[in-house]
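Please view the chain below before reading on.

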Amino acid sequence: MHVKEQLLTLKPYQPGKPIEEVKKEFNLSKVVKLASNENPYGCSEKAKQAILSEMEQLAIYPDGYSALLRTKLANHLGVREEELIFGNGSDEVVQIICRALLSPETNTVMATPTFPQYKHNAIIEGTEIREVPLVNGDHDLDAMLNQVDEKTTVMWVCTPNNPTGTYIKENVLLEFLQKVPKHVLVVLDEAYYEYVVAEDYPQTIELLKDYPNIIILRTFSKAYGLAALRVGYGIANADLIRKIEPAREPFNTSRIGQAAAIAALDDVDFVLECREKNQKGLQQFYQFCEEQKLDYYRSEGNFILIDFNRDSDEVFGALLKKGYIVRSGNALGFPTHLRITIGTEQQNAEIIEVLKEFVNH
Ligand SMILES: *Cc1c(COP(=O)(O)O)cnc(C)c1O
C-alpha cells in the first residue's frame, strides 16, 4: 500500500485528556478541563432550542450550501453571500485552503509556534513549509515576508495567535499586507475574534475590498460555545471563494450545526457577556502572574500562556492529580509554559490556588 510518504511522519491530533478518563485515573469526583479553549458558559439557550427543533429532520441531508445560515451570517457581517465558505469547523476551511492552493510545487509560510493545523495539512499536501519563529510571542511579519518567493502560495497569520494570545495591531497588519505580493493568499485566522477587546485590533472585513488576496477565518466553536457542532467559515472575495469551493465536501456542515449557528447569531448578548466575563478571568490570571513574578503573554483570546520556569509536563501532571486538565506547553513549542483556558470566575480562582501552592514549593 502506497500511503503518501509524508503521512507516515504525522500523528493523529492529540486531544486534551478527556474528563472521564482523568476522574478514573486519579479517583476524583470533580474534574475541570481548561485545555481546549472551550466556552465555560456553554452556548446560547436559543441555540439549544434550535437544535431540538431539528430533531425531526435527521433523515434528511443538510443543505450543503448552508443557504439560510449564509444569508443570516452575510447580513450579520455586512458581506455578500458569495463571499462566504463554510467548514466543518474552521479546521476544515484550513484543510480546504491547503487542498486548493498547496502542492509539492509550492511553499507556504507560517509562524512557529502557531495553530498546528496549518502545518499538519500543508505536510499532507507535500508542500515545502517555511516556519518563522515568533518574537516575544508576536508574528515576525518582516521575516515571514523574507521567506516569500514566486512559489509561495499561502501565508498563515493567526491573530490572536494560538497559543500566545497575542494579536497584530491594525497599522502593523496594514503595512504587512501592502508588502505581500499579490500571488500570495494571506490567511487571517481570527478564531478568537469575538473575545478581542483591543481597540487597535483591525476590522479585517473592511480590508477585503482592497485586498483580494486575503481570507478571514472565524468559527462558532469558541465564543459562541458550539465546538461540538463543528461550524466555521471563511470570508474572502467571491472569485476566490468560487475557486476553492470544489475542495469542500458536499455536506460538510450538519443540519443541527447550521440551525444552532443561525440561532446563536440572534443572541448577541450571550457572546458579549462571555467576552466580558473572559476579560475578568484574564485579570484574575494577570494578577496571579504579577504576584508570583511569572512571565506571561497578555491575551486577547480566552486562554493564557504562562511561563512556570520548569518542565511544563511537571506542572501539568501536578494539576492533573488535583483534577485540572490544562495544555502542557511541551506539545505547543513552549516547554516551560502552560496554556490555560479561562474558565468561570470560580474555576479560575480554584486553579490559581492550586498553582500558588505549586509555585511556592
Ligand atoms: C480553535 C481554533 C480553530 C479551530 O476551530 P474549529 O473548531 O475547527 O472551528 C482554528 N484556529 C485557531 C487559531 C483555533 O484556536
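## The start of the chain

Met1 lies in the segment before helix 1 (19–26). In this predicted model, Met1 is exposed, with a relative accessible area of 97%.

Met1 also belongs to a nonpolar patch on the surface, together with Val3, Leu7 and Leu8. The accessible area of these residues together is about 500 Å².

## The sheet

Strands of a sheet pair through backbone hydrogen bonds, either parallel or antiparallel. Here, three strands make up an open sheet with antiparallel pairing, in the order 9-12-11. Strand 9 (303–307) and strand 11 (327–328) are the edge strands, each pairing on one side only.

Two bridges join strand 11 to strand 12 (residues 337–341) in the antiparallel sense. Ser328 has Leu338 of strand 12 as its bridge partner. Helix 10 (residues 268–292) packs on the sheet and touches strand 9 and strand 12. The direction of helix 10 makes about 10° with that of strand 9.

## A buried leucine

Leu319 is located in helix 11 (residues 312–321). Its relative accessible area is 2%, so Leu319 counts as buried, the cut-off being under 20%.

Leaving aside residues up to four places away in sequence, Leu319 touches Tyr324, Val326, Leu338, Ile351, Val354 and Leu355. Among them is Leu338, the bridge partner of Ser328. Phe358 is 39 residues from Leu319 in sequence, and the C-alpha to C-alpha distance between Leu319 and Phe358 is 8.8 Å.

Note on methods: Residues are numbered from 1 along each chain as its sequence is written. This is a predicted model: local features need pLDDT of at least 70, side-chain atom pairs count only at pLDDT 80 or more; totals for chains, interfaces and linings use all residues. Side-chain values use heavy atoms; hydrogens and water are left out. Two strands pair if DSSP finds at least two bridges between them. Helices (H or I, at least four residues) and strands (E, at least two) are DSSP runs, numbered from the N terminus. Contact means heavy atoms within 4.5 Å. Axes are lines fitted to C-alpha atoms, for helices over the stretch in contact, and angles run from 0 to 180 degrees between N-to-C directions. Buried means under 20% relative accessible area, exposed over 50%, partly exposed in between (1.4 Å probe, protein chains only). Patches are made of residues with over 30% relative accessible area and no salt bridge: like charges are joined within 9 Å, nonpolar side chains (Val, Leu, Ile, Met, Phe, Trp, Tyr) within 5 Å. Accessible areas come from the Shrake-Rupley method with a 1.4 Å probe; for residues, only the protein chains shown count as cover. A salt bridge is a side-chain nitrogen of Lys or Arg within 4 Å of a carboxyl oxygen of Asp or Glu.
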